[in-house]
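Open the model in your viewer and keep the sequence panel beside it. The tour goes from one selection to the next and says what is there each time.

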Amino acid sequence: MEFDEYVRLRGASLVRLGRLLTGDQHLGEDLAQDVLARAFVRWKKIADVDSPEAYLRRMLVNAAISRSRLRSSSEIAIAAHPDRPIHGDLSHDAAERQAMWHLVRSLPPKQRAAVVLRFYEDLDDTTIATLLDCTAVTVRTQIKRALTTLRTRLDSMQPTGTGERGIG
Amino acid sequence: MNDLQDALTGALNAAAHEDEVHIERLLTNARTAGLRYRRRRRLVLAAGTALAALVPVLLVAAGLALYGGPGRPIEAVAGPSPAAPATRTPAAAPATPAAGDPGAAPQLPVLIGAAPAQKAVSTVGRGAFHVGVGELPFSVATMQWSSTAGLERVLVTPNLTPEPGRTDPTVVGRDPRVTIALARSTGGLTTLLGDKQPINIGTHRGQMVTQANTVPPLTIVRWQPGTGLWAEVSGEIDEKTAMTIATGVSFDRTYACVVPFELRPPPPTLAGKVSACSVAYAAGSWTGKFTYDYGTWTLDLARADEAGMDFKETIDGRPAWTDRAEGGGGPPTLRIQVSYGGNRVADVQATGKYESMTVTNFAIGYEMIDSPSPSDWWQVPTG
């Protein structure tokens, strides 16, 4: 498969994965573009491997984790930029999804990567372990910790005494 | 799958598909960046080959100079030791405007010289700061200066809920942040796509690109304030706002990297250099952090507060927390947080081939500076 054909076919999915791994729309696009640029230079070799998709996904995951470390060294976490005022109410489901996404973004990079690869890419432990360069046991531990964190934070966001059901 | 996992899957799918992906733009940018990357690799290879050819000649020349060959005596060049604490130079800190004050942007706290960036290109993006921000067409909520790898950036977040009578920024996209950058190459700047309009910033010619039909709808103003330097204002803002900000930017002062702590000098065998610094302003208060680069590993040094921290161990008699991360596709990291009491925490993170004891010594070697005024803080010695 030629490089252009591959990007047209699979580029969007790489960008979407980049958005989830970085937690930022623009950074995700930058990251996917950077990974594709590096792949372009040695495309003949990459196209010959069994699964260029898996290869590029691994490049993307590694780049996302490295970038999060690099960013931590040059940027200070100050209050997130305030959202634009929203005119009209979001539906309840959309608001819940938004809240959940904010919590996912707050997870440590490797936990977030494991969660994204499991619940968005629907990959099994072994495949995720290969992508993250760790064992399947570590993947399960990362996901378990992430889910515990998300559940705890969601519970703390639920209004008390209203009889509303939390996500459990 | 339980409810939580269903909710998670839904949230991830919604976030991933929030904006459209412009495939042709992605393809063009990836190809362009790929070609640039290939050229750079070839240049590096060529330079390496040339250097390899020169090394024997240089070794012979050095041998002659040291062992009786003719020539001048070698003079030692005294430079600032990055590890040694810098002298605190009294400097008047510009008044910090109240949050939400329109027009007057917060200014970097410690001015250390009037050396124009144009005359010291090699110092740009090496820890100190050279970007002066003039009047802004909106009030400021947060501002952050960073200086690393040949690139200095100022990230400005406008105050989006100004008081009555104050200015609301004209934001054409969803992200209101504006970036002002000064770089030694265009590599770290925004990719210019679309029609370029010629503009003038003072006496310097430049270009403006408005990507109104793309996502995000960026406006980018770029000019060269001096040979070997590029400046840029970018954001999801209208052209007038971008030009107003660009016109107010100056590069004729040098500001110090300051942090609210000082370090006990590290072991003399460690010859690190400051490779990055960030100073941030938010809601009337300041903070700062910096990075030492030791070649095979880096060390981020910051100060934090105790909010949300759970100290489960003790280091040097102080409550502490450590976290090691190895594997996972990146270099190993060690993060240590040590409480100094009074809501003051030393926060250090080593990445790469570090020695744990050295990192620990940094974490217990902080001397906290309690003054809230950044003009009283430690001036990190930067190159």
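## First stop: a charged pair in chain A

Select A:Arg10, which counts as partly exposed at 32% relative accessibility. The model you are looking at is predicted. A:Glu53 and A:Arg10 form a salt bridge, and their closest N and O atoms are 3.0 Å apart. This pair links distant parts of the chain, with A:Arg10 in helix H1 of chain A and A:Glu53 in helix H4 (residues 52–74) of chain A, 43 residues apart. Is A:Glu53 buried or exposed? A:Glu53 is buried, because its relative accessible area is 18% and the limit for buried is under 20%.

In general, side chains of opposite charge can pair when their charged atoms come close.

## Chain A as a whole

Zoom out and colour chain A by secondary structure. Chain A has eight helices and zero strands. Read from the N terminus, its elements run α-α-α-α-α-α-α-α. Of the 168 residues in chain A, 46% are buried. Take the contacts in chain A with a separation of 6 or more: 62% of them are between residues 24 or more positions apart.

## Inside helix H4

Select A:Leu60, found in helix H4 of chain A. A:Leu60 is buried, with a relative accessible area of 0%. Which residues is A:Leu60 in contact with, leaving aside its neighbours within four places in sequence? They are A:Leu14, A:Leu17, A:Gly18, A:Leu21, A:Leu31, A:Ala32 and A:Val35. Next, draw a distance from the C-alpha of A:Leu60 to the C-alpha of A:Leu36. These two residues are 24 residues apart in sequence and 9.1 Å apart in space.

## A pair within one helix

Move to helix H2 (residues 25–41) of chain A and select A:Asp34 and A:Arg38. A:Asp34 forms a salt bridge with A:Arg38, with 3.6 Å between the closest N and O atoms. The two are separated by about one helical turn, because they are four residues apart in this helix. A:Asp34 is partly exposed, at a relative accessible area of 33%. A:Arg38 is also partly exposed, at 32%.

## Two helices packed together

Show helix H1 (residues 3–22) of chain A together with H6(A). Two packed helices are described by the angle between their axes and the distance between the axes. Here the angle is about 145° and the axes are 9 Å apart. H1(A) passes H6(A) in a right-handed crossing. On the H1(A) side, the contact is made by A:Leu17, A:Leu20, A:Leu21 and A:Thr22. On the H6(A) side, it is made by A:Arg112, A:Ala113, A:Val116 and A:Leu117.

Keep A:Arg112 selected; this residue lies in helix H6 (residues 109–119) of chain A. A:Arg112 is buried yet has no salt bridge. How far away is the nearest side chain of opposite charge? That side chain belongs to A:Asp24, and it is 9.7 Å away. Look instead at the backbone oxygen of A:Arg105, which lies 2.8 Å from a polar atom of the A:Arg112 side chain. Beyond its neighbours within four places in sequence, A:Arg112 is in contact with several residues, among them A:Gly23, A:Val104 and A:Leu107.

## Two loop residues with positive phi

Most residues other than glycine have a negative phi. Select A:Asp122, in the loop between H6 and helix H7 (125–132) of chain A. A:Asp122 is not a glycine, yet its phi is positive, about 60°. A:Asp122 is exposed, with a relative accessible area of 62%.

Then select A:Asp133, in the loop between H7 and helix H8 (136–157) of chain A. A:Asp133 is not a glycine and has a positive phi of about 60°. A:Asp133 counts as partly exposed, at 44% relative accessibility.

## Last stop: bringing in chain B

Select A:Arg19, A:Glu29 and B:Arg25, which are linked in a network of salt bridges. Then go to B:Asp370 and B:Arg344, which form a salt bridge with 3.0 Å between the closest N and O atoms. B:Asp370 lies in the loop between strand E20 (366–368) and strand E21 (378–379) of chain B, and B:Arg344 in the loop between strand E18 (333–339) and strand E19 (345–352) of chain B, so the pair ties together parts that are 26 residues apart in sequence. B:Asp370 counts as exposed, at 52% relative accessibility. How many salt bridges does a search of the whole structure find? Over all chains, there are 14.

How values were computed
Residues numbered from 1 in each chain as written. Chains lettered and ligands numbered in written order. Predicted model: local features only at pLDDT ≥ 70, side-chain atom pairs only at ≥ 80, totals over all residues. Heavy atoms only, no water. Buried < 20%, exposed > 50% of the residue type's maximum accessible area, 1.4 Å probe, protein only. Lys, Arg positive; Asp, Glu negative; His and termini not counted. Salt bridge = Lys/Arg side-chain N within 4 Å of Asp/Glu carboxyl O. Polar contact = N/O pair within 3.5 Å; in protein donor to acceptor, adjacent residues only side chain to side chain. Contact = heavy atoms within 4.5 Å. Axes fitted to C-alpha atoms, helices over the stretch in contact; angles between N-to-C directions. Left-handed = near helix turned anticlockwise from the far one by under 90°.
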